[in-house]
Amino acid sequence: MTPIDNKAVLSAQNLAKQVVFNGEPLNILHAASLSVGPGESVAIVGASGSGKSTLLSLLAGLDQPSSGEVALFGQSLAGLNEDGRALLRRDKVGFVFQNFQLMPQLTALENVMLPLELAGRKDARDSASQMLTHVGLGQRLRHYPRHLSGGEQQRVALARAFAIHPGILFADEPTGNLDAATGRQIIDLLFQLNSEQHTSLVLVTHDNELASRCDAIYRLVDGRLNGARA
Amino acid sequence: MSWWSRLLLAARFVRREIVSGELTILALALLVAVTALTSVSFFSDRVERALTTQATQLLAADLVLNGNQPAPAAIRQEAQRRGLQLADNISFPSMVFAQGQATLATYKAVSNHYPLRGEMTVRGADGQPSTGVLHPAAGTAWADARLLRKLGLKLGDRISVGNSSLLLSGEILREPDGAMDLYNFVPRLMFNSADLAATGLIQEGSRARWRLMLAGDDRQISAFRQWLGQHLPAGSRLENVEEARPEIRTALERARRFLGLTAMLTVALAAAAVALAVRRYLARHWQPVAVLRCMGLTSSEVLGLFVCLFLLLGLLSGALGALAGYAVQLGLMQLSSRFVGEVLPDPGWHSWLLGPAASLLLLAGLALPPLLAIRNVSPLAVLRNDVVLVRSNLLAPLAALLALLALAAWQMDDVSLAAWLLAGMTAFFAGVALLAWGMLWLLRRLPAAPRTGWRYGVANLARRPWLAIVQIVALAVGIMALLTLTVVRDDLISAWQHSIPPDAPNKFVINIQQNQRAALRDRFAVAGLQQPELSPMIRGRLIAINDKPLRPSALADERARRLAEREFNLSWRDDLPQGNRLVAGSWWQGKAKPQFSVEQGLAGTLGIRLGDTLAFDIGGSTYRARVTSLRAVAWDSFRVNFFVLAPPSLLQQQPASWISSFRLEGAQEEFANRLVAAFPNITIIDVSAILDEVRAMVDKLTRAIEAMFVLALAAGVLVLWAALAATRDERLSDIAVMRALGASRAQLRAVVLAELAWLGAFTGLLAALGAMGIGGIAAGKLFNLPWSVNFYLLPIGMACGVVVVTLAGWPLVGRVARASPLAILRAGQ
C-alpha cells in the first residue's frame with residue numbers, strides 16, 4: 001500500500017465501496033487508488049453503471065468508503081464528520097453537475113453568491129457579479145435559471161464553482177445535458193478557468209475526446225480503476 | 001382489449017400503485033380531508049339533533065296539527081296505524097270564576113299522554129314541586145301563579161269552569177309548550193280533556209284551538225309530516241317550533257350559520273391539501289404514463305386506469321375517513337360532554353354516507369381536471385425526457401368550486417346559504433391571497449437580510465409563490481379561527497351571549513292604558529327601579545300592498561298566509577329602537593311625512609319592498625304610507641320589538657295601549673304583584689324561563705363552535721404538511737446541493753427555520769388582521785357594540801403563527817440533518 005502523497009491535492013488509496021442489495025453484498029468499487037497534483041487535470045471514463053459517480057462521491061467526501069482512504073489537501077477525510085467534510089468543501093472544493101443543479105428560486109447572481117455567503121465572504125455580491133461577467137453573463141445577473149438556456153445555466157454553474165477559487169473542481173458529466181456545440185463552449189470555458197485559477201480538476205465523463213484534454217485518464221471497468229497517465 | 005382484460009389490467013395497476021407507496025400521500029390527504037369533514041358532520045349532526053330534541057320539548061311533541069276543529073278521525077287513525085303516539089291539547093280563552101271574582105284566562109284541556117316531549121313542573125298541595133310527564137287527573141285543574149294571585153286562590157279550592165266545578169290541585173311552574181306567543185299571554189288554567197264535554201264551554205263557533213300532538217321516531221314523523229301535507233284539513237296547519245318561537249329560531253339560525261361556516265372552512269382547507277397531493281402524484285406520473293403509451297395503450301385506456309385507481313382510492317379513503325371521523329367526533333364529545341352535558345342522540349345515516357361521497361366529490365372536482373390532461377401525454381415524452389408540467393386551466397378551480405358547493409349544500413341542507421357562504425369565503429380567500437402575494441412581493445424586493453439563512457429562507461418562499469400563498473391562506477384561516485376564539489372571543493362569542501344581556505328584561509307588561517303611564521312610572525321610581533321604556537301598541541290589519549288588496553288565501557306561503565290573517569302590533573316612535581339596525585332605506589326623513597319602517601323578515605315573507613305603499617286598517621280608518629326603511633331586529637334581545645313602526649305624526653292620534661319590559665331580580669319579584677294589584681287591568685308576562693333556556697342553548701352552541709374551530713386549525717396544519725410533502729423532493733435536492741457546496745448543518749437548519757418562521761409570521765399577521773376584521777364586523781353589524789381595535793392581536797398572531805408553523809414543519813428540520821449530498825449525483829441519472 002502506497003503512503004498518502006502529501007503534496008497531492010487529492011489522494012485516494014484502495015478505495016472500495018460495498019453495498020448490500022437484496023441481502024447479498026455487492027461490490028461497486030474495488031481498491032481504487034489515484035492521486036491528483038496541484039493544477040493537474042484527471043479524467044475518469046467508464047460506461048454507464050461502471051461506478052463513476054460512486055468514485056466521484058467518495059473522492060469529494062460526499063459519501064464514505066467501505067474501506068480505503070481519501071485525503072484532500074493532505075487531510076484525511078476519514079477523521080472528519082459530515083460537517084467537517086462540508087467545511088473542507090466550502091472553502092476549497094468546486095462542483096459542476098450534469099444537470100446544473102442551480103437553485104431555481106435564486107437569480108443567477110444569487111446562485112453564484114451562495115457558496116461565497118456560506119463561507120461568510122463579505123464581498124459575495126461583487127465577486128459573484130465579476131465571476132458572472134467573466135463567463136459572459138454580465139447582462140443576465142437578475143435572471144432566474146428557468147429563463148436561461150442550458151448552456152447559460154451551465155455557465156452559471158461554472159461561475160458558482162469557480163467563485164470561491166477552489167483548489168480542486170469535481171465535474172460530473174458537465175456536457176451530458178448539452179448539445180455538441182454548446183458542450184464544446186462549456187468545456188473550453190471550464191479549461192480556461194481551470195488554468196487561470198490553477199485549479200486541479202477531476203472530470204467524470206464517458207466522452208473520450210473530452211477525456212483526452214486532461215493530463216491523465218483513468219478507466220473504470222466493472223468497479224476496477226485502471227490508471228493511465230497521458 | 002376486452003373489458004375483462006382491461007379490468008384485470010386496472011386491478012393489477014391499482015395494486016401496484018398502492019403497494020409502491022406512490023399513493024400514500026394522496027390517500028392520507030384524502031383520508032384526513034374526509035375525517036375532518038365527517039367528524040364535523042357527525043358532531044354538528046348530533047348537536048343539531050340535540051337542539052331539535054330540545055326544540056321539540058318546546059312543542060311538547062314532534063309534530064303538532066293545529067286546527068279550529070278537532071282533527072278528523074281519519075288522521076288520528078292513520079297516525080295510530082303508523083304507530084305514532086298521540087295526545088290532545090285544546091285551548092281557548094274564557095272567564096274563570098272563583099271567590100266571587102272573575103278573570104279572563106286561557107283554558108288548556110290536555111289528554112292523558114300529554115306532554116309527549118319535554119316535562120311539566122307542578123307544585124302540588126304538599127308544596128313540593130314535581131317534574132315529569134304530568135297532567136291533571138280528571139276532575140282536577142292546575143293554575144299558574146298569575147291566576148292564583150289574581151283570584152286569591154290556594155291549592156285545594158274549587159273553581160268553576162263552565163258548568164263544572166274542578167278541584168285546584170296544582171300550581172303550574174313550567175309547561176313545555178307554554179308561552180308560545182309572548183304578546184297574547186294571559187293566566188293559564190289547565191285541566192283534563194276528559195272533563196271538557198261536561199264544562200259545556202266548547203260549542204259551535206267557540207274560539208278553540210285543537211292541537212293534535214304527535215310523537216315518534218324521525219322517519220315515522222317525517223313520513224307522516226309528508227302524508228299530512230297532502231291530507232291537511234281546511235283551517236289546519238302544522239306547527240313548527242322554529243316559527244313558534246322567534247327567539248329560539250334566531251339562536252338556531254345563527255348557530256346553523258356558524259357551524260356551517262366552520263364546516264365549510266374545514267372542507268376548503270382539506271380540499272387544498274387534496275389538490276396539492278393530486279398535483280404531486282400526477283406530476284410524478286407523467287413519465288410512467290408516457291411509457292405506458294409507448295407500450296401501446298391508447299390514451300383513453302390510460303385515462304381509464306387512473307380513473308379506476310382514483311375511484312377505488314376515493315371509496316376506500318372515504319369509508320376509512322368516515323370511521324376515523326366518527327372516532328374523532330367521539331373524542332370531541334368526550335371533551336365537550338362537560339359543557340354539552342347530556343347524552344346526545346346518535347348521528348343520522350347521512351353522515352356515514354358523507355364520507356365516501358365527499359371523498360369521491362373532492363377527487364372528481366380536484367383530480368379529474370388535471371387527470372384529463374393525461375390523455376394528451378405523448379409517447380414521445382419518453383424519448384425527449386421532457387418534464388411535462390401539470391397545466392392549470394380554468395376548468396380545475398371551477399370544478400373544485402362546484403365540488404365544494406355540492407359538499408357544502410349537502411352538509412348545510414341549504415343551497416342558497418351554501419352558495420352565499422362559498423362566495424363570501426372565495427372572496428375572503430382571494431383577499432387573504434392577495435395580501436399574502438403583496439407581502440411576498442415586498443419581501444423579495446426589500447434590501448437583502450444580512451443573515452444567509454434568512455435570505456435563502458425568504459427566497460425559498462418566493463420560489464413557489466402560489467404554494468406559499470396556499471399555505472399562508474390555509475394556515476391563516478386556521479389560526480384566525482383560533483385567535484377569534486381565544487382573543488376576540490370576548491368581543492365575538494360573548495357578544496353573542498351579550499345579545500341576551502345578563503340584565504335582559506325578564507318581565508313584559510302589556511295593556512297599560514294611556515292615563516296609567518305616569519302613575520306606573522312613579523311606582524318604579526318609588527321602588528328605586530330603573531324607569532321602564534313604554535311603547536305604544538296599536539292593533540291594525542294589513543289590507544293592501546301598493547294598493548293591491550291583500551288576500552291571505554291567495555298567498556302561497558303558509559307563514560305569510562298566517563301573518564296576513566292576523567292583526568299586527570304597530571307602534572310609533574321618534575328614534576330607531578335599541579337592538580334594531582337599518583338594513584335598507586333611512587330612518588324618518590321628515591317626521592311629518594306618513595311612512596313605515598318594516599322588520600326585514602316580515603317584509604321578506606310578505607314580499608314587501610322598500611318604497612312600497614302599505615295600507616293598514618286601524619280602528620276602521622285606513623292608513624296609507626310608503627315603506628322608507630327595513631330593519632333587522634334582534635328578537636333574542638328580549639326587548640319590546642315591533643314588526644311595523646311609524647313616526648309619531650302618523651299614528652299618535654290613535655288610541656293605544658302601552659307595553660314595556662323590565663327586569664326584576666329574585667328579591668324584587670314582589671314588585672310585580674304590587675304592580676298588578678295597583679293596576680288590575682295590566683298583564684305581566686314572566687319570560688325568565690325562556691331566557692334561561694335560550695341562554696343555556698347559546699352556551700352549548702358556543703362550545704360546539706369552539707370545537708369545530710380547532711378542527712379547522714387542524715385542517716390548516718394539514719395543508720402545510722401536504723405542501724411540505726409536495727415540495728419534499730425539491731427541498732431535499734436543494735439541501736443536497738447546498739450540502740455539496742459546503743453548507744454546515746447549522747446553516748441548512750437556519751435556512752429551513754427561516755422559511756418556516758417567515759411563513760409563520762406572515763400567516764400570523766394575516767390571521768390577526770382577519771380576526772380583527774371579524775371582531776369588528778361582529779361587534780358592529782351583528783351585535784351593535786362599539787368596535788374597539790385590538791392592536792395587541794398583531795404580535796400575538798405573529799407569535800402564534802411562528803410557533804404553529806415551526807412545530808408543524810419540525811420534521812422537515814429533522815430531515816435536513818440527515819440529508820446526504822449524494823442525492824444530487826443520483827438525481828441526474
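**View 1. Chain A overall.** Of the 230 residues in chain A, 48% are buried. Buried means that 20 or more other C-beta atoms lie within 10 Å of the residue's own, exposed means 12 or fewer, partly exposed lies in between, and C-beta atoms are placed from the backbone. This is a predicted model: local features need pLDDT of at least 70, side-chain atom pairs count only at pLDDT 80 or more, and totals for chains, interfaces and linings use all residues. Residues are numbered from 1 along each chain as its sequence is written, while chains are lettered from A and ligands numbered from 1 in the order in which they are written. Chain A has seven helices and ten strands. Both are DSSP runs numbered from the N terminus: helices are H or I, at least four residues, and strands are E, at least two. Of the chain A contacts with a separation of 6 or more, 69% join residues 24 or more positions apart. A contact puts two C-beta atoms, placed from the backbone, within 7 Å.

**View 2. Helix 3 of chain A (residues 108–118).** Eleven of its eleven residues are buried, so helix 3 of chain A is largely enclosed by the rest of the structure. Among them are A:Glu110, A:Asn111 and A:Glu117. A:Gly120 follows the helix, with a positive phi near 75°.

**View 3. Where chain B touches chain A.** The contact takes 25 residues from chain A and 22 from chain B. On the chain B side, helices 15 (452–463), 24 (728–740), 25 (745–782) and 27 (822–827) each give two or more residues. Helix 15 of chain B gives the most, with five.
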